[in-house]
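Here are some notes for a first look at this structure. Please read them with the model open beside you.

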Amino acid sequence: MTTATWTSQGHLLGLETLSSAQLRSIVGDAEAFLPIVHGTMPDASLLEGRVVANLFLENSTRTRVSFSVAAHRLGAEVVDLLGSSASTSKGESLVDTASNIAAMGVDGIVIRCAASGGAELLAQHVNVPVINAGDGRHEHPTQGLLDLMTLLQHFGGELAGRSIAIVGDIASSRVARSNLWSLTALGADVVLVGPPTLVPAEFASVVPEEAGRGAVSISHDLDAVLESVDAVMMLRIQFERHDGDGIPDDYRERFGLDVERAGRMADGVPVLHPGPINRGLELAPEVADGPRSLILRQVTNGVAVRMAVLAGLLASDG
Ligand code: CP
């Protein structure tokens, strides 16, 4: 694992290749940008004159707007290309679309696409920084970073020895994959919770056993882990990635975090969710909006993380 600055990679495609020092470096930069997000410091001009292309070929609320706000706060201009209006809907390939956008002289491309590995493919074909905003079931690195930042804030800057449950549709989740890399890199143990159809056994061996890295385990019984974990990250059931199979009829009863279950968690154990939430399915509204919830803090931190990523890649891009 390299100790060089993460920006030397030229892109942000995933968290798998980042060391704990590199992850902490991005979160540290994000913390420095947070007063701008909170409005207690004026916007920065680090990216004045730069143009960021948001190429979102799958739907998004949080990530796309968050990248736009982050770019504006740094003085950059943003152009948006959305799936329904992009020529990919006429059959143009992802690489052709991105190559044409790069040829227009943009300074960076933020890409969300349905293809796992799509961001890396673009990075091989364009000569500007590529930032992965979620590629299929592969990774969602800025979501992983904002989750990491939120948990580090909550636990006073250290995650070593903490146990974090990620609950739900793990099989479909790029968020879970990014979090597996970042949380274990910081020494947290992760327990993946859900029915066998949504938590394949191979997830237990995704991350290697390494000194200093946390362990990954699997449980199919939420009630068995809920009272012993330090944080709970609920995931959305991604109905669009299932053909009606894999989601048990009694999912809500067995794996939904309702008021009664949340009441059995230890005091102070926080609840996270990347959004969008299926309210009343994986997460009760009272819990999503209750005192344990860090969900809106995650969203605010997301702008700061995206500022750190954009500044790191585009300001250092010459
Ligand atoms: N968390 C997340 O990726 O949300 P969006 O799909 O709204 O961007």
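1. The model is a predicted one. In it, 4 strands form an open sheet in the order 2-1-3-4, and their pairing is parallel. Strand 2 and strand 4 (130-135) are the edge strands, each pairing on one side only. On average, neighbouring strands of this sheet are turned by 15° against each other, direction ignored.

2. Strand 1 (residues 51-56) runs parallel to strand 2 (residues 77-82), and 6 bridges join the two. Within this pair, valine 51 stands opposite glutamate 77 of strand 2. Between strand 1 and strand 2 the chain passes through helix 2 (residues 62-73), and this β-α-β crossover is right-handed.

3. Strand 1 also pairs with strand 3 (residues 108-113), in the parallel sense and over 5 bridges. Here asparagine 54 stands opposite valine 110 in strand 3. Helix 3 (residues 94-103) packs on the sheet, where it touches strand 1, strand 2 and strand 3. The direction of helix 3 makes about 160° with that of strand 3.

4. Glutamine 124 lies in the loop between helix 4 (118-123) and strand 4. Is glutamine 124 buried or exposed? Glutamine 124 counts as exposed because its relative accessibility is 53%, and the cut-off for exposed is over 50%.

5. Glutamine 124 and alanine 262 are 138 residues apart along the chain. Their C-alpha atoms are separated by 45 Å.

Note on methods: Residues numbered from 1 in each chain as written. Predicted model: local features only at pLDDT ≥ 70, side-chain atom pairs only at ≥ 80, totals over all residues. Heavy atoms only, no water. Pairing = 2+ DSSP bridges. Right-handed = clockwise from strand over helix to strand, strands pointing away. Axes fitted to C-alpha atoms, helices over the stretch in contact; angles between N-to-C directions. Contact = heavy atoms within 4.5 Å. Buried < 20%, exposed > 50% of the residue type's maximum accessible area, 1.4 Å probe, protein only.
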